Amino acid sequence: MNSIVINVGNSNIRFGLFNDDNCDISWVINTKPYRTSDELQMQFMMMYQTHKIEAEKIDKVIIGSVVPQLTREITSAIRKIHGMMPIIVDRSTASGVQAKSKQMGTDIYANLVAAHNLYPEKKKIVLDFGTALTASCVAESGECLGVIIAPGIVTALNSLISQTAQLPEIELKKPKSVLGLDTVTCMQSGMVYGFLGMVEGFIDRINDEVNDNCFVIATGGVSHVYKPLTEKIHLADRLHTLKGLYFLGKDL
């Protein structure tokens with residue numbers, strides 16, 4: 001069965017083409033500015049052509065969204081392209097994970113679902129380096145043990161740049177040294193090593209609280225910057241949230 005899975009985030013919309021449980025192709029478009037269903041339809045079809053995807057060969061479309069105002073427009077675009085209603089999944093969709101809170105975002109829930117399905121034999125922490133930086137923890141039983149939400153790295157960086165007169169836009173990457181000697185490397189050190197310290201602190205404190213050494217998965221836009229810098233992150237998977245959405249919708 002071929003499925004398109006769509007993860008609608010605050011900054012990006014990520015798509016994945018799943019052949020059964022395997023994600024063969026993935027691509028990302030920018031969430032903003034918000035577009036009409038007609039604009040989205042054209043953009044989706046262009047991406048289908050780029051990746052040689054035939055709309056009539058798609059059996060199911062699964063959508064998870066944290067941007068309600070875009071969900072309706074994307075649903076309309078999918079109906080026009082595929083002639084079917086997509087399956088909308090969220091924190092109320094049944095799974096092996098007990099979300100506990102009605103306030104849990106679809107993306108966090110999907111992260112826990114993917115971790116529970118893919119790595120069932122241990123406690124897991126999922127770090128999502130998105131618009132917000134989140135750390136969520138799930139037990140072997142599927143019980144959600146809790147979540148941390150902090151400002152996202154790019155969100156914090158953009159705030160720093162917009163609120164200062166002389167700090168420039170920078171590339172988010174590891175600087176050559178911790179102590180910078182020019183504005184760009186000083187900022188890179190603050191953003192990379194400052195947030196790395198936060199992330200490692202999250203992992204240590206969660207491990208202490210749950211009295212275990214959790215398996216740590218990193219996902220989200222800038223996870224690739226931080227994974228090589230610490231042994232506390234065991235795996236980086238940019239498709240982790242998409243996989244969770246797929247597991248939520250595969251049997252619906």
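Helix axes are lines fitted to C-alpha atoms over the stretch in contact, and the angles between their N-to-C directions run from 0 to 180 degrees. In this predicted model, the axes of helix H4 (residues 153–162) and helix H5 (residues 183–210) come within 11 Å and cross at roughly 145°. A further helix pair, H1 and H2, packs at an angle of about 55°.

**Helices H4 and H5**
- The crossing of H4 and H5 is right-handed.
- H4 contributes Ile-153, Ala-156, Leu-157, Leu-160 and Ile-161 to the contact, while H5 contributes Met-187, Met-191 and Phe-195.
- This contact comprises eight nonpolar residues, with no polar and no charged ones.

**Helices H1 and H2**
- The axes of H1 (residues 37–50) and H2 (residues 68–82) lie 8 Å apart.
- H1 and H2 are therefore oblique to each other, and their crossing is right-handed.
- Residues of H1 in the contact include Asp-38, Phe-44 and Tyr-48, and those of H2 include Glu-73, Lys-80 and His-82.
- By class, the contact of H1 with H2 holds nine nonpolar, four polar and three charged residues.

- Asp-20 sits in the loop between strand E2 (12–19) and strand E3 (22–30), and is partly exposed at a relative accessible area of 41%.
- The loop between H1 and strand E4 (60–65) holds Lys-52, which counts as exposed at 72% relative accessibility.

Key:
Residues numbered from 1 in each chain as written. Predicted model: local features only at pLDDT ≥ 70, side-chain atom pairs only at ≥ 80, totals over all residues. Heavy atoms only, no water. Helix = DSSP H or I, 4+ residues; strand = E, 2+ residues; numbered from the N terminus. Left-handed = near helix turned anticlockwise from the far one by under 90°. Contact = heavy atoms within 4.5 Å. Nonpolar A, V, L, I, M, F, W, Y, C, P; charged D, E, K, R; others polar. Parallel < 35°, antiparallel > 145°, perpendicular 65-115°, else oblique. Buried < 20%, exposed > 50% of the residue type's maximum accessible area, 1.4 Å probe, protein only.
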